[in-house]
Every structure is written in C-alpha cells, then in structure tokens.
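Student: Could we go through this structure together, with the criteria spelled out as we go?
Tutor: Gladly, here it is.

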Amino acid sequence: MSKNILLLPGDGIGSEIVDEAVKVLDALNDKMNLGVSYEKGLMGGCSIDAHGLPLTDETIAKAKASDGILLGAVGGPKWDTLDRAIRPEKGLLKIRAELDLFSNLRPAILYPQLADASSLKKELVEGLDILIVRELTGGIYFGEPRGVRVLDNGERQGYNTLVYSESEIERIGRNAFEIAQKRGKRLCSVEKANVLEVSGLWREVMESIAPDYPDVELSHMYVDNAAMQLVRAPKQFDVIVTGNLFGDILSDCAAMLTGSIGMLPSASLNADGLGMYEPVHGSAPDIAGQGIANPLATILSLEMLLRYSLGMSEAADAIAKAVGDVLDQGLRTADIDSAGMTKVSTSEMGDAVVKALLS
Ligand code: IPM
Ligand code: MG
C-alpha cells in the first residue's frame with residue numbers, strides 16, 4: 001500500500017530545510033520505488049498568517065490521515081507578541097496532544113567527523129550516543145489549573161500545575177525500558193523526588209515496572225544532578241527517561257554536547273506508531289532565507305520517519321550512509337564548518353546527499 005507523508009515546513013528556516021528533505025525523498029522514490037507521496041500543510045506562524053490560528057482542524061485531519069509527519073520548525077519574533085493562546089508554539093503543543101504523541105525521542109549522537117565541534121573536551125564526548133525519552137503530552141505543559149490570577153491584595157500571580165498520573169508514567173516508562181532493551185540496556189530515570197510529590201510517584205512507578213525488564217539496569221537521578229552529569233561525564237548515560245519540562249531542558253543541553261545541534265533529528269510517537277519527526281533545532285529566524293541553514297537534521301528526521309513509521313529500513317539506511325558520506329567528503333554548512341573543510345549552502349548540502357544516495 002502506498003504511503004503518504006504530511007510535510008509541515010512551518011516558519012523561519014523551516015521551508016528551506018524541508019525542501020532539501022523532499023529532494024532526498026524524490027531521489028529515493030525514483031531509485032528504490034518507495035511509492036511515498038507527500039502533501040504540504042500549514043502549522044505555526046504561517047498558519048496564523050493564513051487562518052488566524054497556529055493549527056487548523058484541516059491540518060489536524062491531514063496529520064491524522066497521514067502515515068507520518070515531517071515538521072521543519074515553528075515560531076519567530078513576528079508572532080511573539082500575540083496572545084499566548086494563538087502563538088505558533090501552541091500549534092506544536094496542540095498537534096502533540098491531538099495525535100497523542102506521548103513519546104519524544106531525542107538522540108544526542110556525536111558524529112566522529114565532527115568530534116572537534118563540541119564545546120566539551122574531545123575525550124569527554126568522543127563516541128557519545130545518548131537517547132533522551134521525553135514524556136511529551138503531560139506534566140506541567142498541560143496540567144490544570146493554569147493561568148494568571150489576581151490575589152486579594154491586588155497582586156497578580158501566575159500558576160501552573162505539574163501533574164502525572166500513574167498510567168502516564170507507566171506508559172512512558174515501559175516505552176523507555178523497551179527502547180533501552182534495544183540499546184545499551186541502561187535506563188536513567190530523571191526527576192526531583194527529593195522535593196516534588198509527583199516525582200516521588202514517578203520513581204515508585206518506575207521501580208514497580210522494572211522487574212518486567214530484568215535485562216535493563218534502572219537508575220534514578222535528580223534533575224539538577226543530571227544537568228551537571230551531562231556536562232561533566234555525559235558518556236555515563238545510555239537512555240534517559242524524564243517528564244516534559246525536564247526533558248525539554250535536558251535535551252537542549254544534550255544536543256549541544258555534540259556541538260552540532262544542526263545534525264540532530266527527533267521523533268514524537270503515539271502508541272500506534274504514528275509519528276511526527278522534526279529537527280531538534282528551532283526555526284532560526286535570524287538566518288532564515290539566507291540559504292545557510294543545515295538541512296541534515298531534517299534529512300535525518302526523514303530517515304527516522306521512514307524507519308519507524310513506514311518500516312522502510314533499507315531506504316533509511318541509505319540516507320544514514322549518504323549523510324556519513326557527505327561529512328566524509330568534508331562538506332559543511334556554516335554551523336559545523338571548520339578549518340580545511342568545504343563550506344556549502346543549504347541546497348548544496350541537500351544536492352550532495354542526493355548525489356551520494358544515487359552513487
Ligand atoms: C521543543 C520546544 C518546544 C517545547 C516549544 C517550541 C513549545 O522547545 O520542542 O523542545 O517546549 O516543547
Ligand atoms: Mg525545547
């Protein structure tokens with residue numbers, strides 16, 4: 001059966017980088033007869049401009065009917081002053097909730113060709129391969145009550161609620177254990193159980209399901225310590241599982257360890273395997289339209305989409321190899337450029353990946 005992908009280029013550099021992933025998909029369709037079709041949709045600031053809303057019912061319906069979603073990035077200063085309820089970021093949160101994309105996989109892998117790009121010493125990050133499993137549809141991002149209220153003394157008070165039910169913790173916990181079984185078999189659960197009740201429950205639930213995964217070594221770490229350990233000795237980690245907010249923060253930190261956030265893809269999956277795939281980096285409005293953004297994280301997001309949602313591992317392997325090849329050739333976009341390398345534009349990088357695929 002033929003498969004259909006929904007492309008959501010979004011804002012900023014989004015359309016430039018998604019265009020390069022489409023080139024790669026076109027080339028694979030030709031070469032391997034994948035039969036993957038695609039259509040475009042609007043989400044984020046571009047949707048606000050067109051429809052007054054960051055995510056319309058039409059885009060949600062298209063996403064639900066698709067076999068996988070490839071997202072560029074959303075947001076930019078143009079929409080930062082809008083009411084919070086209709087900002088681009090709300091579109092992202094809404095599509096995560098609507099499709100129940102509870103499991104967010106954020107790898108932080110150091111490419112050997114880019115070992116010098118990290119801000120940490122080479123020996124600390126060489127061979128780094130961490131996977132952060134971030135709970136994506138619960139926690140303080142979605143907890144009620146939330147808002148800004150006026151106190152009796154007339155002062156305003158902002159409030160949000162950090163909530164996790166046992167079933168939500170168990171769902172992401174089991175997911176992370178299963179992933180750890182397929183990797184290095186070490187799972188570190190990160191919370192703040194020394195202060196927060198919700199974290200105490202998180203730890204209890206993780207402990208209670210651990211016996212079902214006897215081959216995985218479970219450890220627990222407070223989030224402040226985890227932040228420190230990530231920059232002190234990051235190679236101690238294999239899989240990290242954590243809640244929505246802690247995962248947001250730690251995944252940025254982990255991505256930066258590789259020195260090349262422009263290289264990292266991510267996946268957000270629901271229980272049925274439907275997924276939204278996007279680069280870890282944002283919409284980078286400061287460099288939008290200049291043709292200098294790195295398209296490799298988006299191309300690698302397409303790789304994950306083919307692998308995890310469409311079951312096309314041969315095509316996915318071909319993309320991974322082609323990306324390795326262009327790095328070996330010394331081609332670098334500005335964000336990962338260094339002495340002695342060949343600096344290329346966004347579209348030159350995309351073309352080089354296509355060429356490597358076809359060779
Ligand atoms: C991310 C982003 C989003 C988040 C924002 C844009 C809503 O930072 O995907 O990490 O906080 O989840
Ligand atoms: Mg973030």
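Tutor: Let's start with a term: buried area is the accessible area (1.4 Å probe) that two parts lose on being put together, summed over both. This is a predicted model, in which local features need pLDDT of at least 70, side-chain atom pairs count only at pLDDT 80 or more, and totals for chains, interfaces and linings use all residues. Residues are numbered from 1 along each chain as its sequence is written, chains are lettered from A and ligands numbered from 1 in the order in which they are written, and side-chain values use heavy atoms, with hydrogens and water left out.

Student: What are domain 1 and domain 2 in the protein chain?
Tutor: Domain 1 covers 1–104 + 264–359 and domain 2 covers 119–258; the bounds come from an automatic or database domain assignment. Their C-alpha centres lie 25 Å apart.

Student: How much area do domain 1 and domain 2 bury between them?
Tutor: About 1,200 Å², with 61% of it on carbon and sulfur atoms. Counting contacts (heavy atoms within 4.5 Å), 12 residues of domain 1 touch 14 residues of domain 2.

Student: Why is the meeting of Arg171 and Asp100 called a salt bridge?
Tutor: The term asks for a side-chain nitrogen of Lys or Arg within 4 Å of a carboxyl oxygen of Asp or Glu. The Arg171 and Asp100 side chains meet at 3.1 Å, N to O, so the pair qualifies. Between domain 1 and domain 2 the count is one salt bridge.

Student: Which elements each supply at least two residues of the side of domain 1 that touches domain 2?
Tutor: Helix H4 (88–98) and strand E4 (103–109) do. H4 gives the most, four residues. Helices (H or I, at least four residues) and strands (E, at least two) are DSSP runs, numbered from the N terminus.

Student: What makes E6 and E7 a pair of strands?
Tutor: Pairing requires at least two DSSP bridges between two strands. E6 (residues 147–150) and E7 (residues 156–159) run antiparallel and are joined by four bridges, so they pair. Gly147, for instance, has Tyr159 in E7 as its bridge partner. The two strands form a hairpin with five residues between them, and Gly154 in the turn has a positive phi of about 90 degrees.

Student: What kind of peptide bond joins Glu144 and Pro145?
Tutor: A cis peptide bond, with omega about 0 degrees. Pro145 is in the loop between strand E5 (129–135) and E6.
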